[in-house]
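Please examine the structure shown here before reading on. The paragraphs that follow lead through a helix crossing, the aromatic rings and a few individual residues.

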Amino acid sequence: MSETGCFFPPVFETSGEKSADADAEVLGKLPQWNLDDLYPGMACEALERDFDQSDKDAQNFHKTYKGKLEELIKSADGGEKIAGAIKAFETLQEKLGRIISYAGLLHAGDTVDPEISKFYSDIRDRMTQISTNLLFFSLELNRIEDTDFERALEHRDLKYYEPWLIELRKQRPFQLDDEIERLFHEKNVTGRASWSRLFNETINDLRFDVDGEDEPLPIERTLNILLETDGIRRKKASDALAATFKKNTRIFALITNTLAKDNEISDQWRGFEDVASSRHLANSVEGEVVDALETAVRSAYPRISHRYYNLKAKWMGVETLMHWDRNAPLPERDDRKVTWNEARDTVLSAYNGFSPQMSDIAAQFFDKNWIDAQVRPGKSPGAFSHSTVPSVHPYVLMNYQGSPRDVMTLAHELGHGVHQVLAGKQGALMASTPLTLAETASVFGEMLTFRSMLAETTDEAARKALLAQKVEDMINTVVRQIAFYSFERKVHSERRSGGEVTVERLGEIWMEIQKESLGNAVTCGQGYENFWVYIPHFIHAPFYVYAYAFGDCLVNSLYAVYEEQPDGFVEKYFDMLKAGGSKHHSELLKPFGLDATDPEFWNRGLGVIERFIDELETL
């Protein structure tokens with residue numbers, strides 16, 4: 001859903017077929033972003049100048065500081081000198097981040113243009129070469145003794161970077177010798193990065209023969225049919241997905257097994273005991289907290305997903321829903337297309353009701369062309385907000401087609417954007433928020449927009465449809481993502497204990513996990529056993545998915561605090577967003593009286609979904 005670092009979100013790439021002209025007739029003119037604030041073109045002098053200067057600066061940085069940090073920190077003005085080195089490192093990260101952000105956004109806007117693809121690939125190769133000269137810095141900082149650091153931290157300039165240093169030094173037990181770290185770094189280009197690219201290009205090339213369509217469809221358009229009202233069309237789309245996935249399971253199983261083994265090798269060298277420990281460290285969250293989240297959600301399956309799908313089956317007049325009916329719209333749903341201007345006004349109005357400042361920041365994305373909303377051939381599907389670098393601003397990508405879900409997607413990504421703007425003041429090293437908290441502002445923005453729309457809906461049938469859609473979105477964010485996490489844990493564990501996981505076994509694990517999470521009200525039919533193949537997060541960011549459930553439950557608890565104690569909430573909320581990655585989640589949640597280690601925290605968040613289902617039962 002979002003991307004807060006310099007590289008790009010784990011979304012599959014495919015081609016849209018719908019023209020912007022066709023959209024404009026119904027939706028109004030959809031914006032396309034202007035990347036000139038980064039660079040005016042692939043061949044511009046500014047980009048090449050920044051690249052050359054970064055290369056020189058990285059070499060000078062290596063020459064100046066390699067092998068000398070321990071000596072520097074022990075000198076009389078050690079705190080000042082180390083702070084100066086970190087500042088120089090941060091400046092380099094800012095410049096390199098600007099370059100890769102431009103290349104990545106350009107590629108996301110058109111993934112099939114060969115010139116852009118070559119440019120993006122070449123930029124990444126050069127980036128790897130330059131960053132190799134910087135690799136030593138964090139490793140060498142972590143070899144400095146605690147007592148020397150504690151003494152140096154008395155200097156105010158170094159004290160400023162203490163939050164970054166604390167997170168960095170958590171990696172001390174898991175870092176390797178410099179040459180091995182360099183090998184891992186350089187081999188990534190031909191290792192994990194190449195397998196990820198193979199996944200992207202394979203998914204991008206898949207086409208699906210949906211009965212009744214004039215030509216085979218790309219994956220996103222085929223998946224979108226599962227959201228249509230016509231049940232026959234939904235089944236045909238599901239059959240087409242199943243047929244094409246089955247033909248390609250061997251390559252996806254190979255990619256999955258190879259990357260699971262890659263994780264295992266890395267974890268063994270570094271000393272991580274659990275399959276997801278490295279992700280938890282990167283997310284700055286304790287494994288026990290994630291375990292508590294997973295346990296709470298899985299325990300709530302009967303009260304949430306099982307209960308809701310039973311209700312939905314009754315509404316649709318069937319005993320059980322087929323898997324292609326899970327996200328089918330209710331008959332009461334309003335199918336009217338929401339114009340772009342209506343979507344803009346809806347989200348900004350909801351934001352303004354919470355905080356005019358929040359609305360003002362979000363309005364810049366519209367007024368200054370920071371959003372790319374057109375659906376066009378070659379553009380990346382899905383949606384994300386990319387923070388670029390603090391000296392510029394975020395950019396939002398989405399594929400707007402006028403559905404109510406698209407309005408919520410806009411609210412979600414703008415929430416990320418507001419968060420990234422506010423956190424930018426922390427600088428290149430501390431602006432990025434751990435994934436567990438990176439979804440907070442986005443999901444909160446969705447909740448504000450939903451509550452605003454619900455308050456304005458007086459028709460009972462329309463209210464039911466709106467509530468049902470919200471519940472389904474929350475189930476997809478919480479239940480489905482935790483099911484994904486459980487699937488990953490089982491696949492990676494079996495890969496380590498029993499060798500390569502066969503296609504058949506991958507399908508069995510998928511079906512076991514899906515049946516547990518969906519309950520008896522959903523029938524997982526033939527062909528569904530291969531639907532694991534298209535989930536990009538499994539490939540690009542293993543165990544990433546629990547961050548969505550973490551964020552949703554956190555926001556539900558936050559919103560409950562807001563309703564109970566509105567006075568002073570906005571100020572505390574903005575302080576949390578401004579902190580970026582400079583504070584631990586426990587410190588950020590403390591002003592709200594929330595504690596993620598407390599099981600009641602998760603139950604409180606899950607209780608919000610249950611209460612929505614309670615209301616649906618009364619309608």
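Helix α16 (residues 287-300) and helix α30 (residues 599-618) have axes that come within 9 Å and cross at roughly 40°. Axes here are lines fitted to C-alpha atoms, for helices over the stretch in contact, with angles running from 0 to 180 degrees between N-to-C directions. Helices (H or I, at least four residues) and strands (E, at least two) are DSSP runs, numbered from the N terminus.

The model is predicted: local features need pLDDT of at least 70 and side-chain atom pairs count only at pLDDT 80 or more, while totals for chains, interfaces and linings use all residues. Residues are numbered from 1 along each chain as its sequence is written, and side-chain values use heavy atoms, with hydrogens and water left out.

Which residues bring the two helices together? Val289, Ala292, Leu293, Ala296, Val297 and Ala300 in α16 meet Trp602, Asn603 and Leu606 in α30, where contact means heavy atoms within 4.5 Å. By class, this contact of α16 with α30 has eight nonpolar residues, one polar residue and no charged residues. Ala, Val, Leu, Ile, Met, Phe, Trp, Tyr, Cys and Pro count as nonpolar, Asp, Glu, Lys and Arg as charged, and the others, Gly among them, as polar.

The aromatic rings come next. Rings of Phe, Tyr and Trp (its six-membered ring) pair if their centres lie within 6.5 Å; planes under 30 degrees apart count as stacked, over 60 as edge-to-face and the rest as tilted. By this rule the count comes to 47 aromatic pairs. One of the pairs joins phenylalanine 61 and phenylalanine 89, and is tilted, with 6.1 Å centre to centre and 40° between the planes. This pair links distant parts of the chain, as phenylalanine 61 lies in helix α2 (residues 45-65) and phenylalanine 89 in helix α4 (residues 78-109), 28 residues apart. Both phenylalanine 61 and phenylalanine 89 are buried, a term for under 20% relative accessible area, with exposed over 50% and partly exposed in between (1.4 Å probe, protein chains only).

Phenylalanine 245 and tyrosine 534 form a stacked pair, because their ring centres are 5.8 Å apart and their planes are at 10°. Phenylalanine 245 belongs to helix α13 (residues 231-247) and tyrosine 534 to the loop between β5 (522-523) and α26 (537-540), 289 residues apart. Phenylalanine 245 counts as buried at 0% relative accessibility, and tyrosine 534 counts as buried at 12%. Phe245 and Tyr534 also belong to one aromatic cluster, together with Phe208, Phe484, Phe487, Trp510, Tyr528, Phe531 and Phe538.

Helix α4 also holds leucine 96, which is buried, with a relative accessible area of 5%. Leaving aside its neighbours within four places in sequence, leucine 96 is in contact with Ser54, Met127, Ile130 and Leu134.

Two loop residues remain. Threonine 388 is a residue other than glycine with a positive phi, near 50°; its place is in the loop between β3 (384-386) and β4 (395-397), and it counts as buried at 5% relative accessibility. Phenylalanine 543, though not a glycine, has a positive phi of about 70°. Phenylalanine 543 is found in the loop between α26 and α27 (546-564) and is buried, with a relative accessible area of 1%.
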